[in-house]
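Please take a moment to look over the sequence and the three-dimensional structure shown here, and keep both in view as you read.

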Amino acid sequence: MSVATSTTRARASNRGAAPTRSSASTAPPASDPTPTPYAVAARELLRETLFDGARRELEKRGWSEVTMADVAAAAGVSRQTLYNEFGSRDEFAQAFALREAVRFVRAIEGALDAHRDDPRQALTAAFGLFLVAAADDPLIRAAIGGAGEMLPFVTTQGQPLVQGAAERLRVAIRERWPRASEHDGALLAECLVRLAISYATLPVGSAGMTASSITELLGPYIDRALGG
């Protein structure tokens, strides 16, 4: 049989056979997480950019001296864009305070992770970290310095901030010390948040002494609730 004949027969046989694919092409596609809609992502980016702009302005002067035009310029957007996103100066200030609270809780979560085997030490480290950061943070200075224009957003009008921070901290405690009951975790979280706000807005003594005194006070409860 000639080479040409063999080639013709092979081609005919291949036409009748099912096509083959590599194992990589036959594997089911990996399921991708649901993508964030563009409008949502764009709005989140805008808000974060505005908050970052406000922080930069607060590093230079008090909140009472910072205008919405200053914040918009620092963020690289128009004043009208800022007001379209936040209807008023107070609304922006409250949202800004909430964002900063989340930043603080994230830092506290890192301190908790470093001392999972010692709940008392975890509390001391977390509370100390918060107070050291708060001493130099522009938002805290804006709240307690000068006329204290932002103080209501972390005190008398601070319920959303307290609830949000306490809930995140409650989840963090339960994830790291699952033996804690829901009641104990929630009670400890809210207590710590309220104490942190109190000490940050009216500091007494050094941060280290304050953190240690809080741990000494709550130590027996922590031992019972989280294990010591």
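Predicted model: local features only at pLDDT ≥ 70, side-chain atom pairs only at ≥ 80, totals over all residues.

Residues are numbered from 1 along each chain as its sequence is written, and side-chain values use heavy atoms, with hydrogens and water left out.

The protein chain has 11 helices and zero strands, where helices (H or I, at least four residues) and strands (E, at least two) are DSSP runs numbered from the N terminus. Read along the sequence, the pattern is therefore written α-α-α-α-α-α-α-α-α-α-α. Of the 228 residues of the protein chain, 36% count as buried, a word that means under 20% relative accessible area, with exposed meaning over 50% and partly exposed lying in between (1.4 Å probe, protein chains only). Among contacts between residues at least 6 apart in sequence, 69% join residues at least 24 apart, and contact here means heavy atoms within 4.5 Å.

How do helices H6 and H9 pack? Helix H6 (residues 89-113) and helix H9 (residues 159-176) have axes 9 Å apart and an angle of about 20° between them; axes are lines fitted to C-alpha atoms, for helices over the stretch in contact, and angles run from 0 to 180 degrees between N-to-C directions. H6 and H9 are therefore roughly parallel to each other, since angles under 35 degrees count as roughly parallel, over 145 as roughly antiparallel, 65 to 115 as roughly perpendicular and the rest as oblique. The residues that make this contact include Ala97, Leu98 and Ala101 of H6 and Leu161, Ala165 and Leu169 of H9. By class, the contact of H6 with H9 divides into 12 nonpolar, one polar and five charged residues, where Ala, Val, Leu, Ile, Met, Phe, Trp, Tyr, Cys and Pro count as nonpolar, Asp, Glu, Lys and Arg as charged, and the others, Gly among them, as polar.

Helix H3 (residues 38-58) also meets H6, with axes that come within 10 Å and cross at roughly 90°, and that makes H3 roughly perpendicular to H6. Among the residues that meet are Leu50, Phe51 and Arg55 in H3 and Phe92, Phe96 and Arg99 in H6. The contact of H3 with H6 has seven nonpolar, no polar and seven charged residues.

H3 has a contact with helix H4 (residues 68-75) as well, where the axes come within 8 Å and cross at roughly 115°, and H3 and H4 are therefore roughly perpendicular to each other. Residues including Leu50, Gly53 and Ala54 in H3 meet residues including Val71 and Ala74 in H4, and the contact of H3 with H4 divides into five nonpolar, two polar and three charged residues.

Finally, consider a pair of threonines. Thr124 is in helix H7 (residues 119-136), whereas Thr215 is found in helix H11 (residues 207-226). Is Thr215 buried or exposed? Thr215 counts as buried because its relative accessibility is 7%. A polar contact of 2.6 Å joins the side chains of Thr124 and Thr215; a polar contact is a pair of N or O atoms within 3.5 Å, and within protein one must be able to donate a hydrogen and the other to accept it, while residues adjacent in sequence count only if both atoms are side-chain atoms. The side chain of Thr215 also reaches the backbone oxygen of Ala211 at 3.0 Å. Not counting residues up to four places away in sequence, Thr215 touches Arg120, Leu123 and Thr124, and Thr124, with its neighbours within four places left aside, is in contact with Ala211, Ser212 and Thr215.
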